[in-house]
Amino acid sequence: MHHDNILQSGEAWKIIDPKGLIGEKEYEIIPFLLNHLPKTNVAETIDHRINIFVKELNVSKKRILLWGYAHSVLATCWLIEDRQDAASFLRAIEAFQHLFEYYYGHKK
């Protein structure tokens with residue numbers, strides 16, 4: 001699920017295009033972190049978004065950072081394979097690595 005699939009209908013909210021996936025809740029957060037990223041201050045934006053989810057959902061920051069890194073690498077591969085611009089995901093890879101090192105003091 002990602003935020004483009006959450007729609008407001010009058011006073012109610014609706015979710016469209018559900019995909020019945022089973023896995024860690026931290027992985028489900030990744031699209032919310034990556035969609036509509038700015039071209040600058042990527043790490044700061046991702047960190048801010050992660051902090052909101054950690055506070056509101058009591059999820060693991062470390063797991064989010066690790067899943068974000070893994071997903072960004074995979075998405076980069078998909079884009080390169082399709083001969084599309086992967087610059088935004090390359091920036092995300094760097095941001096997740098930087099944040100992991102900042103918070104946990106070592107490289108993955």
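**Helices, hairpin and salt bridges in a predicted model**

Helix H3 is followed by Asn58, whose phi is positive, near 55°; helices here (H or I, at least four residues) and strands (E, at least two) are DSSP runs, numbered from the N terminus. The structure is a predicted model, in which local features need pLDDT of at least 70 and side-chain atom pairs count only at pLDDT 80 or more, whereas totals for chains, interfaces and linings use all residues. Residues are numbered from 1 along each chain as its sequence is written, and side-chain values use heavy atoms, with hydrogens and water left out.

The protein chain contains 5 helices and 2 strands, and from the N terminus on its elements run β-β-α-α-α-α-α. Along its principal axes, the C-alpha trace spans about 45 × 35 × 30 Å. Of the 108 residues, 31% count as buried, where buried means under 20% relative accessible area, exposed over 50%, and partly exposed in between (1.4 Å probe, protein chains only). The chain exposes about 7,400 Å², of which carbon and sulfur atoms supply 56%; accessible areas come from the Shrake-Rupley method with a 1.4 Å probe, and for residues only the protein chains shown count as cover. Among the contacts (heavy atoms within 4.5 Å) with a separation of 6 or more, residues 24 or more positions apart account for 58%.

Strand S1 (residues 6-9) is joined to S2 by 4 bridges, and the two strands run antiparallel; strands are taken to pair if DSSP finds at least two bridges between them. Within this arrangement Ile6 stands opposite Ile15 in S2, and the bridge partner of Ser9 in S2 is Ala12. The hairpin of S1 and S2 has 2 residues between the strands, and in it Gly10 takes a positive phi near 65°.

Helix H3 has 16 residues and reaches 22 Å from its first C-alpha to its last, close to the 22 Å expected at 1.5 Å a residue, the expected span of a helix being 1.5 Å times one less than its number of residues. The buried residues of H3 are Val42, Ala43, Thr45, Ile46, Asp47, Arg49, Ile50 and Phe53, and what covers them includes H2, H4 and H5. For helix H5 (residues 87-104), the 18 residues should span 26 Å at 1.5 Å a residue, and the end C-alpha atoms are 26 Å apart, which agrees. Its buried residues are Phe89, Ala92, Ile93, Ala95, Phe96, Leu99 and Phe100, with a cover that includes helix H2 (30-34), H3 and H4. Just after H5, Gly105 takes a positive phi of about 70°.

Leaving aside its neighbours within four places in sequence, Leu34 is in contact with Ile46, Arg49, His71, Ser72, Phe89, Ala92 and Phe96.

The structure holds 2 salt bridges, each defined as a side-chain nitrogen of Lys or Arg within 4 Å of a carboxyl oxygen of Asp or Glu. In one of them, Glu24 pairs with Arg63, the closest N and O atoms being 2.7 Å apart. Because Glu24 lies in the loop between strand S2 (12-15) and helix H1 (25-28), and Arg63 in helix H4 (residues 61-81), the pair ties together parts that are 39 residues apart in sequence. Glu24 counts as partly exposed, at 32% relative accessibility, and Arg63 is likewise partly exposed, with a relative accessible area of 32%. Asp47 forms a salt bridge with Lys61, the closest N and O atoms being 3.6 Å apart. Since Asp47 lies in helix H3 (residues 42-57) and Lys61 in helix H4, this pair ties together parts that are 14 residues apart in sequence. Both Asp47 and Lys61 are buried.
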